[in-house]
Amino acid sequence: MPHSTADMQYQRDILDEFAESRKPRQYPTIEVANGLVVEDRSSGFVGDVVRWNHEAVTLRDRKQHLRHFTWKPGGFLFEGEPVTLVRPAQRATATQRVTASGSVAADRSAGARVARASRIWVEGKHDAELLEHVWGDDLCELGVVVEPLHGADDLAAAVLGFQPSAERRLGVLLDHLVPGSKESRIAATVDHPAVLVTGHPFVDVWAGIRPKVVGLDAWPEIAKGELSWKEALCDRLGVPFEGFWPKLRNGVRTYADLEPELVGAVERLIDFVAVG
């Protein structure tokens, strides 16, 4: 039976609608800016933008937790509506640069800032080197010094000797700060309003670096009791222990090369000691 003109028009409409439905949805774009409050659509995490780089945007919620989210079409809600966040057009002058922590480097023409009395303590030399590597510009701008403890077993006594106060704040970064660990018991021995003890869940700061920086998908599993974690790692990878740390550290280009738990812990400490 021949189709009427009306039937043929209806069939074309159906195909047009199908074609339209297959087109990627277009979302309004918003230029990212510090302080912009958005919600990640996939996780429901709500926070204000604190920094960004080419890989991710970092949000901070009301509890000061930090999370990193990739740039994705329609990936965020702004005032209840799906939007696509976009990086600002490049406006940096010839003298501006972005630091490894994702912030714009301060103008150093006036010279370095005098160090504060406040300090950040970390467990060892490698922890201190990594913080300086990624957050060195921020720390210099704030006048905050990072010092290695070379072990935190007697942390309470060390804190007492530091004599913390409102003008002399202390932040402490511990490895493997998880419930039931030795580090969690050490942290519980310190209770002072001018001291913040926090940390990350990794057994060593090495594991807080994303394995992709040395071409791995994941760090190998290391059983308890095998050498030290660092030595066992190098043994698994078939590389010499000597010289591996500089290669690993220098593979870190920005904070996005670190695990979010480590980034969040460090930035909480920086914010805390910068007040004093």
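Which residues in α2 meet which residues in α7?

**View 1. Packing of helix α2 (residues 125-142) and helix α7 (residues 260-273) in a predicted model.** Leu130, Leu131, Trp135, Leu139 and Leu142 in α2 meet Leu262, Val263, Val266, Glu267 and Ile270 in α7, contact being heavy atoms within 4.5 Å. The residues of this contact comprise 9 nonpolar, no polar and 1 charged. The helices pack at an angle of about 25°, with axes 12 Å apart; α2 is therefore roughly parallel to α7 (angles under 35 degrees).

**View 2. The ring pair of tryptophan 121 and phenylalanine 162.** The ring centres lie 5.5 Å apart with the planes at 75°, so the pair is edge-to-face (centres within 6.5 Å; planes under 30 degrees apart are stacked, over 60 edge-to-face, the rest tilted). Tryptophan 121 belongs to strand β8 (residues 119-122) and phenylalanine 162 to helix α3 (residues 155-162), 41 residues apart. Tryptophan 121 is buried at a relative accessible area of 8%, and phenylalanine 162 is buried at 7% (buried: under 20% relative accessible area, 1.4 Å probe, protein chains only).

**View 3. The aromatic cluster of Trp206, Phe241, Phe244 and Trp245.** Tryptophan 206 and phenylalanine 244 are both buried.

**Notes.** Residues are numbered from 1 along each chain as its sequence is written, and side-chain values use heavy atoms, without hydrogens and water. In this predicted model, local features need pLDDT of at least 70 and side-chain atom pairs count only at pLDDT 80 or more, whereas totals for chains, interfaces and linings use all residues.

Terms used: Axes are lines fitted to C-alpha atoms, for helices over the stretch in contact, and angles run from 0 to 180 degrees between N-to-C directions. Helices (H or I, at least four residues) and strands (E, at least two) are DSSP runs, numbered from the N terminus. Angles under 35 degrees count as roughly parallel, over 145 as roughly antiparallel, 65 to 115 as roughly perpendicular and the rest as oblique. Ala, Val, Leu, Ile, Met, Phe, Trp, Tyr, Cys and Pro count as nonpolar, Asp, Glu, Lys and Arg as charged, and the others, Gly among them, as polar. Rings of Phe, Tyr and Trp (its six-membered ring) pair if their centres lie within 6.5 Å; planes under 30 degrees apart count as stacked, over 60 as edge-to-face and the rest as tilted. Buried means under 20% relative accessible area, exposed over 50%, partly exposed in between (1.4 Å probe, protein chains only).
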